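Dear colleague,

I am passing on to you the structure we spoke about, together with a short account of what was found in it.

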Amino acid sequence: FQGQCAVSCTLADGTVLDVTGLQLQGGLDAHMTHSGPLGSWQDAEGKVHVAVWAPTARSVDLMHWKDAAGGKEMVAPMTYGKLGPGVWSMELPSSAMWTYFKFKV
């Protein structure tokens with residue numbers, strides 16, 4: 001990338017509270033694309049696959065619940081790059097189809 005921009009939050013005395021980077025629109029799209037499936041789907045063998053495009057993430061965990069009421073969630077780390085650049089994915093048993101999940105990025 002040609003340039004970087006950092007944004008910081010500081011106190012009046014100059015103490016830095018937080019710093020983050022700023023990404024310009026289209027910057028990642030020019031270098032990483034994914035035309036495959038994202039979200040969840042079931043293959044011909046019944047296995048459930050879950051994928052999310054998060055190219056700048058350092059880690060992604062899948063938080064999974066068996067029912068909408070919540071309860072104890074399963075938390076598992078996802079694998080980076082198996083389905084392509086920028087994509088985090090994992091495979092679940094067929095019993096995971098029609099259950100509830102979210103990503104912890």
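In this model, which is a predicted one, the side chains of E91 and K47 come together in a salt bridge, with a distance of 3.8 Å from N to O. E91 belongs to strand 8, which covers residues 87-92, whereas K47 sits in the loop between strand 3 (39-42) and strand 4 (48-53), so the pair ties together parts that are 44 residues apart in sequence.

K47 also takes part in a salt bridge with E45, where the N to O distance is 3.3 Å. The structure holds two salt bridges, and through them E45, K47 and E91 are linked in a network.

As to how these residues stand towards the surface, E45 is exposed, with a relative accessibility of 63%, while K47 is partly exposed at 33% relative accessible area and E91 is likewise partly exposed, at 42% relative accessibility.

By way of background, most residues other than glycine have a negative phi. W98 is found in the loop between strand 8 and strand 9, the latter covering residues 100-104, and the residue counts as exposed, its relative accessibility being 76%.

With kind regards

Conventions. Residues are numbered from 1 along each chain as its sequence is written. This is a predicted model: local features need pLDDT of at least 70, side-chain atom pairs count only at pLDDT 80 or more; totals for chains, interfaces and linings use all residues. Side-chain values use heavy atoms; hydrogens and water are left out. A salt bridge is a side-chain nitrogen of Lys or Arg within 4 Å of a carboxyl oxygen of Asp or Glu. Buried means under 20% relative accessible area, exposed over 50%, partly exposed in between (1.4 Å probe, protein chains only). Helices (H or I, at least four residues) and strands (E, at least two) are DSSP runs, numbered from the N terminus.
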